[in-house]
Amino acid sequence: MAETINPPSENQRIVIIPGMGCVPVRESNWYSWLQDKLESDETGRFTVVLEDMPDPHAARESQWLPFIRDTLKFDEKTILIGHSSGCEAIMRLLEKDKVRGIILVAACHTDLGDENERASEYYNRPWDWDTIRSNAEWIVQLHSPSDKCIPEEEGRFVADKLKSEYMKLERRGHFMGPTLPEVLKVIREKCNL
(Lines give C-alpha, C1' and ligand atoms only; values in the text may rest on other atoms or scores of the structure.)
Protein backbone atom coordinates (compact mmCIF):
# COMPACT_ATOMS: atom_id res chain seq x y z
CA MET A 1 0.00 0.00 0.00
CA ALA A 2 1.34 3.46 -0.91
CA GLU A 3 2.19 5.77 1.95
CA THR A 4 -0.09 8.80 2.30
CA ILE A 5 1.91 12.01 2.09
CA ASN A 6 -0.49 13.91 4.31
CA PRO A 7 -2.75 11.76 6.54
CA PRO A 8 -6.44 12.78 6.56
CA SER A 9 -6.32 13.60 10.29
CA GLU A 10 -3.70 16.28 9.70
CA ASN A 11 -4.70 19.73 8.45
CA GLN A 12 -2.82 21.06 5.44
CA ARG A 13 -1.49 24.54 6.25
CA ILE A 14 -1.50 26.94 3.31
CA VAL A 15 -0.03 30.44 3.39
CA ILE A 16 -1.03 32.95 0.69
CA ILE A 17 1.54 35.69 -0.03
CA PRO A 18 -0.10 38.51 -2.03
CA GLY A 19 1.33 40.84 -4.60
CA MET A 20 2.67 44.33 -4.00
CA GLY A 21 0.04 46.93 -3.09
CA CYS A 22 -2.68 44.41 -2.25
CA VAL A 23 -4.29 45.99 0.82
CA PRO A 24 -6.62 45.23 2.34
CA VAL A 25 -5.61 41.75 1.27
CA ARG A 26 -9.04 40.20 1.78
CA GLU A 27 -10.47 42.66 -0.75
CA SER A 28 -7.74 42.08 -3.33
CA ASN A 29 -7.85 39.72 -6.29
CA TRP A 30 -8.67 36.03 -5.69
CA TYR A 31 -7.02 35.60 -2.28
CA SER A 32 -10.04 35.56 0.04
CA TRP A 33 -12.04 33.53 -2.51
CA LEU A 34 -9.35 30.83 -2.37
CA GLN A 35 -9.17 30.96 1.42
CA ASP A 36 -12.95 30.62 1.71
CA LYS A 37 -13.09 27.74 -0.79
CA LEU A 38 -10.35 25.81 0.99
CA GLU A 39 -11.61 26.42 4.51
CA SER A 40 -15.15 25.39 3.54
CA ASP A 41 -13.91 22.22 1.79
CA GLU A 42 -15.98 19.22 2.86
CA THR A 43 -12.84 17.37 4.01
CA GLY A 44 -12.10 20.06 6.60
CA ARG A 45 -8.41 19.51 5.93
CA PHE A 46 -7.21 23.03 5.18
CA THR A 47 -5.97 25.84 7.39
CA VAL A 48 -5.31 28.97 5.33
CA VAL A 49 -3.29 31.99 6.43
CA LEU A 50 -4.02 35.28 4.66
CA GLU A 51 -2.98 38.58 6.26
CA ASP A 52 -2.09 42.10 5.22
CA MET A 53 1.64 42.35 4.65
CA PRO A 54 3.88 44.99 6.20
CA ASP A 55 5.27 47.55 3.76
CA PRO A 56 2.63 46.53 1.19
CA HIS A 57 3.48 49.12 -1.46
CA ALA A 58 7.23 48.46 -1.61
CA ALA A 59 7.09 44.75 -0.65
CA ARG A 60 10.68 44.89 0.59
CA GLU A 61 12.34 41.55 1.22
CA SER A 62 13.85 42.83 4.48
CA GLN A 63 10.32 43.29 5.86
CA TRP A 64 8.37 40.54 4.11
CA LEU A 65 10.60 37.53 4.79
CA PRO A 66 10.83 38.04 8.58
CA PHE A 67 7.04 38.65 8.68
CA ILE A 68 6.35 35.44 6.74
CA ARG A 69 8.71 33.41 8.93
CA ASP A 70 7.80 34.91 12.33
CA THR A 71 4.15 35.94 11.99
CA LEU A 72 2.54 33.91 9.20
CA LYS A 73 4.72 30.88 9.99
CA PHE A 74 5.37 27.84 7.83
CA ASP A 75 7.26 24.56 8.01
CA GLU A 76 8.24 21.61 5.82
CA LYS A 77 4.60 20.50 5.54
CA THR A 78 3.24 23.91 4.44
CA ILE A 79 2.11 24.88 0.94
CA LEU A 80 3.02 28.47 -0.02
CA ILE A 81 1.06 30.31 -2.71
CA GLY A 82 2.49 33.54 -4.09
CA HIS A 83 1.18 36.12 -6.51
CA SER A 84 3.50 38.53 -8.32
CA SER A 85 5.87 39.97 -5.65
CA GLY A 86 4.69 37.18 -3.37
CA CYS A 87 6.40 34.73 -5.78
CA GLU A 88 9.75 36.42 -5.40
CA ALA A 89 9.36 36.43 -1.59
CA ILE A 90 8.65 32.69 -1.67
CA MET A 91 11.62 31.98 -3.92
CA ARG A 92 13.94 33.89 -1.58
CA LEU A 93 12.48 32.01 1.42
CA LEU A 94 13.24 28.71 -0.27
CA GLU A 95 16.89 29.60 -0.60
CA LYS A 96 17.02 28.70 3.13
CA ASP A 97 13.76 26.98 4.12
CA LYS A 98 11.93 23.80 3.10
CA VAL A 99 8.20 23.50 2.38
CA ARG A 100 5.89 20.85 0.99
CA GLY A 101 5.06 22.70 -2.21
CA ILE A 102 4.74 26.10 -3.84
CA ILE A 103 2.40 27.67 -6.36
CA LEU A 104 3.77 30.73 -8.15
CA VAL A 105 1.24 32.96 -9.94
CA ALA A 106 2.92 35.47 -12.29
CA ALA A 107 6.52 34.98 -11.16
CA CYS A 108 9.53 36.90 -12.45
CA HIS A 109 13.26 36.89 -11.83
CA THR A 110 14.33 40.46 -12.76
CA ASP A 111 13.22 43.92 -11.67
CA LEU A 112 11.87 44.44 -15.21
CA GLY A 113 13.71 47.77 -15.34
CA ASP A 114 11.26 49.19 -12.79
CA GLU A 115 12.65 51.35 -9.97
CA ASN A 116 9.95 50.26 -7.49
CA GLU A 117 10.65 46.60 -8.18
CA ARG A 118 14.38 47.21 -7.83
CA ALA A 119 13.76 48.78 -4.40
CA SER A 120 12.01 45.59 -3.23
CA GLU A 121 15.47 44.02 -2.72
CA TYR A 122 14.67 40.64 -4.33
CA TYR A 123 16.78 41.25 -7.41
CA ASN A 124 20.02 42.55 -5.88
CA ARG A 125 21.84 39.18 -6.05
CA PRO A 126 21.75 35.97 -8.10
CA TRP A 127 19.00 33.44 -7.47
CA ASP A 128 20.00 30.08 -5.97
CA TRP A 129 17.80 28.03 -8.31
CA ASP A 130 19.12 24.62 -7.27
CA THR A 131 18.41 25.23 -3.58
CA ILE A 132 14.96 26.71 -4.27
CA ARG A 133 14.08 23.67 -6.37
CA SER A 134 15.37 21.19 -3.81
CA ASN A 135 13.52 22.85 -0.90
CA ALA A 136 10.04 22.01 -2.25
CA GLU A 137 8.56 18.62 -3.05
CA TRP A 138 6.73 20.21 -5.98
CA ILE A 139 6.48 23.56 -7.77
CA VAL A 140 3.61 24.72 -9.99
CA GLN A 141 3.55 27.99 -11.91
CA LEU A 142 0.71 29.86 -13.58
CA HIS A 143 1.37 32.56 -16.14
CA SER A 144 -0.60 34.28 -18.87
CA PRO A 145 0.73 35.58 -22.19
CA SER A 146 -1.65 38.53 -21.75
CA ASP A 147 0.07 39.67 -18.52
CA LYS A 148 0.99 43.34 -19.06
CA CYS A 149 3.04 43.52 -15.83
CA ILE A 150 5.28 40.47 -16.20
CA PRO A 151 6.17 39.18 -19.66
CA GLU A 152 5.68 35.47 -20.25
CA GLU A 153 9.43 35.08 -20.92
CA GLU A 154 10.06 35.91 -17.24
CA GLY A 155 7.74 33.14 -16.07
CA ARG A 156 9.17 30.67 -18.57
CA PHE A 157 12.70 31.45 -17.40
CA VAL A 158 11.73 30.77 -13.77
CA ALA A 159 9.96 27.56 -14.79
CA ASP A 160 13.04 26.39 -16.69
CA LYS A 161 15.36 27.10 -13.75
CA LEU A 162 13.02 25.51 -11.18
CA LYS A 163 11.84 22.69 -13.47
CA SER A 164 8.33 23.49 -12.33
CA GLU A 165 5.02 22.36 -13.75
CA TYR A 166 3.98 25.29 -15.95
CA MET A 167 0.39 26.26 -16.70
CA LYS A 168 -0.05 28.77 -19.52
CA LEU A 169 -3.47 30.37 -19.11
CA GLU A 170 -4.71 32.51 -21.99
CA ARG A 171 -6.34 35.93 -21.50
CA ARG A 172 -5.85 36.04 -17.71
CA GLY A 173 -3.65 39.14 -17.54
CA HIS A 174 -1.88 39.57 -14.19
CA PHE A 175 -4.39 37.30 -12.41
CA MET A 176 -6.22 40.11 -10.67
CA GLY A 177 -9.70 38.63 -10.99
CA PRO A 178 -11.94 37.57 -8.10
CA THR A 179 -11.40 33.81 -8.59
CA LEU A 180 -8.59 31.48 -9.62
CA PRO A 181 -10.01 27.95 -9.86
CA GLU A 182 -6.82 26.53 -11.35
CA VAL A 183 -4.99 27.06 -8.04
CA LEU A 184 -7.78 25.32 -6.15
CA LYS A 185 -7.53 22.40 -8.57
CA VAL A 186 -3.74 22.15 -8.13
CA ILE A 187 -4.07 22.08 -4.33
CA ARG A 188 -6.71 19.35 -4.44
CA GLU A 189 -4.58 17.26 -6.82
CA LYS A 190 -1.40 17.69 -4.78
CA CYS A 191 -3.27 16.81 -1.57
CA ASN A 192 -4.84 13.74 -3.23
CA LEU A 193 -8.43 14.97 -2.89
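Arg 60 and Asp 55 form a salt bridge, with their closest N and O atoms 3.1 Å apart. The model is predicted, and a search of the whole structure finds 14 salt bridges.

**Salt bridges**

- Side chains of opposite charge can pair when their charged atoms come close.
- Asp 55 has 17% relative accessibility and counts as buried, because the cut-off for buried is under 20%.
- Glu 95 and Arg 92 also meet through their side chains in a salt bridge, at 2.7 Å from N to O.
- Glu 95 is buried at 17% relative accessibility, and Arg 92 is buried with a relative accessible area of 2%.
- Another salt bridge joins Arg 156 to Glu 152, where the closest N and O atoms are 3.6 Å apart.
- Both Arg 156 and Glu 152 belong to helix α6, residues 152-162. They are four residues apart there, about one turn of the helix.
- Arg 156 counts as partly exposed at 39% relative accessibility, while Glu 152 is buried at 14%.
- A network of salt bridges links Glu 152 and Arg 156 with Lys 168 and Glu 170.

- Strand β5 (residues 136-143) and strand β6 (residues 165-168) run parallel and are joined by four bridges.
- Within this pairing, Leu 142 stands opposite Met 167 in β6.
- Together with helix α6, the strands β5 and β6 make a right-handed β-α-β unit.
- Ala 159 is placed in helix α6 and is buried, with a relative accessible area of 10%.
- Ala 159 touches Gln 141, Ser 164 and Tyr 166, leaving aside residues up to four places away in sequence.
- From Ala 159 to Leu 142 the separation is 17 residues in sequence and 9.6 Å in space, taken from C-alpha to C-alpha.

**Packing of α1 and α7**

- Two packed helices are described by the angle between their axes and the distance between the axes.
- Helix α1 (residues 31-39) packs with helix α7 (residues 181-190) at an angle of about 35°, and their axes are 10 Å apart.
- The crossing of α1 past α7 is right-handed.
- On the α1 side, the contact is made by Trp 33, Leu 34, Lys 37 and Leu 38. On the α7 side, Pro 181, Val 183, Leu 184 and Ile 187 make it.

**Backbone features in loops**

- The peptide bond from Val 23 to Pro 24 is cis, and its omega is near -10°.
- Pro 24 lies in the loop between β1 (12-17) and α1.
- Ala 59 has a phi near 55°, which is a positive value in a residue other than glycine.
- The loop between β2 (46-49) and α2 (61-72) holds Ala 59, which counts as buried at 0% relative accessibility.
- Arg 171 is not a glycine, yet it has a positive phi of about 55°.
- Arg 171 is found in the loop between β6 and α7. Its relative accessible area is 72%, so Arg 171 is exposed, the cut-off for exposed being over 50%.

Note on methods: Residues numbered from 1 in each chain as written. Predicted model: local features only at pLDDT ≥ 70, side-chain atom pairs only at ≥ 80, totals over all residues. Heavy atoms only, no water. Salt bridge = Lys/Arg side-chain N within 4 Å of Asp/Glu carboxyl O. Buried < 20%, exposed > 50% of the residue type's maximum accessible area, 1.4 Å probe, protein only. Helix = DSSP H or I, 4+ residues; strand = E, 2+ residues; numbered from the N terminus. Pairing = 2+ DSSP bridges. Right-handed = clockwise from strand over helix to strand, strands pointing away. Contact = heavy atoms within 4.5 Å. Axes fitted to C-alpha atoms, helices over the stretch in contact; angles between N-to-C directions. Left-handed = near helix turned anticlockwise from the far one by under 90°.
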